[in-house]
Amino acid sequence: MNQTRLVRSLAAVCLGFTSMVATAQPRHAEPPLHTSGHDILDSAGHRVRLTSVNWYGFDQQDFVAGGLDHAPLATIVQEIVDLGVNSVRLPWANETLENNPRVPDYAVKANPQFRGRHAMEVMDAVVRALAGAHIMVILDNHVSRADWCCSETDGNGLWYNAEYPESKWLTDWQTIVRRYKSERWVVGVDLRNELRNKATWGGTDPRLDWHAAAERGGNAVLTANPLLLIMVESPDYSTNFVGFDKLPLRLKIADRLVYSPHAYNIADHPFGSYDELKQLYDARAGFLLHTEPGVPLWVGEFGTCQTLNCGANSDWLVMYIRYMKENDLAWSYWALNGTQSSGHGRKYDAIESYGLLSPDYQHIAAPKLLELLRTIQN
């Protein structure tokens, strides 16, 4: 798709929605949330479609949410409110929780109140600020050892590793859930990000069986707080849910389970048409929209370059937005951040090319991308 066709496609997708989203103000959900069939409902029984952004940093080597070096926390939260989303997926690392290091001064220089504070104290403040703005929070166990994700060789591909065994993973989940149990705007947990390294859904090898581990993890979370949603990803970087209908996940508390596929452009699989894209995503995850008993879907990650001029990546996003709209999918865009955090293959404070916010975290860096996202907001 050339640039002219891309612009026309963007215009076609956005046509008819711009005036609506410019004036409509979404009703706040009333936590806690629960599920009913393929839907997520709030405590009043109203349907809630999670529209979220990923705000990374507590999972990275600086141990703190990105942007606190550039803008006051309240300013960043207001930017999130202005985006029009209703929730934030907040990644964290087991290393961050267990070691709870002091955050480096350079990473919070726009927030002097956090100088000398420990990582979890800053996370407490971030969660409080989001809750104060009625932004729901989904805690995401992104990695064990804090670092940029994801590859087959980063040591974070399963829900455990030698340094952070499953016993710590379960204990850490209960620890962080109890920490925020009194905060009703913390509405869910994403048990583990992008399972890989030959993880399976079922099977005979318990070291790789993510289905069994996810049941243990989900039940451990619900023991600590029975009111949370449990988001469960799949093997193959959470892109392949084949077999989930034959081997569904069962938790001790009903109406809490959500499946969370991820989607990015597949470099070695260009789509020649929307129908081709639809066929692939239906086969790998979309079929769950028609499976009973129903489980809601929430696309926990998808994204592209903020400029929408990155060739096949942009073409893919336009088609995938159409797919999400046609299926009324809940979603979480990667990422909010305007700059990179420290990590493997990353450069601290470099521009985050997928980020919605500007490097100063006080402006929108991707207005065309945001306009496209607003066509699938509530």
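Guide: Let's start with the ring pairs, then move on to the charges and the sheet.

What you see is a predicted model, where local features need pLDDT of at least 70 and side-chain atom pairs count only at pLDDT 80 or more, while totals for chains, interfaces and linings use all residues. Residues are numbered from 1 along each chain as its sequence is written, and side-chain values use heavy atoms, with hydrogens and water left out.

The count comes to 20 aromatic pairs (rings of Phe, Tyr and Trp, with its six-membered ring, whose centres lie within 6.5 Å; planes under 30 degrees apart are stacked, over 60 edge-to-face, the rest tilted). Take Trp92 and Trp173 as one of them: their ring centres are 5.0 Å apart and the planes stand at 90°, so this pair is edge-to-face. Now look at where the two partners come from. Trp92 belongs to strand β4 (residues 87–93) and Trp173 to helix α6 (residues 166–179), so to speak two distant parts of the chain, 81 residues apart, linked by this pair (helices, H or I, have at least four residues and strands, E, at least two; both are DSSP runs numbered from the N terminus). Trp92 and Trp173 are both buried (under 20% relative accessible area, with exposed over 50% and partly exposed in between, for a 1.4 Å probe and protein chains only).

Ring pairs tie Phe271, Tyr281, Phe302, Trp316, Tyr320, Tyr323, Trp331 and Tyr333 into a cluster.

Arg322 lies over the face of Tyr274, 3.8 Å from the ring centre (the rule wants NZ of Lys or CZ of Arg within 6 Å of the ring centre and within 35 degrees of the ring normal). Likewise, the charged end of Arg346 sits over the ring of Trp148, at 3.5 Å from its centre.

Next, the sheet that holds Trp92's strand, β4. Eight strands make an open sheet with parallel pairing, in the order β8-β7-β6-β5-β4-β3-β12-β10 (two strands pair if DSSP finds at least two bridges between them). Strands of a sheet pair through backbone hydrogen bonds. At the edges are β8 (257–259) and β10, each pairing on one side only. The parallel pairing of β10 with strand β12 (residues 330–333) runs over two bridges, and a tryptophan takes part: Trp298 has Ala330 of β12 as its bridge partner.

His290 sits in the loop between α9 and β10 (298–299). From His290 to Asp245 is 45 residues in sequence, while in space their C-alpha atoms are 10.0 Å apart.
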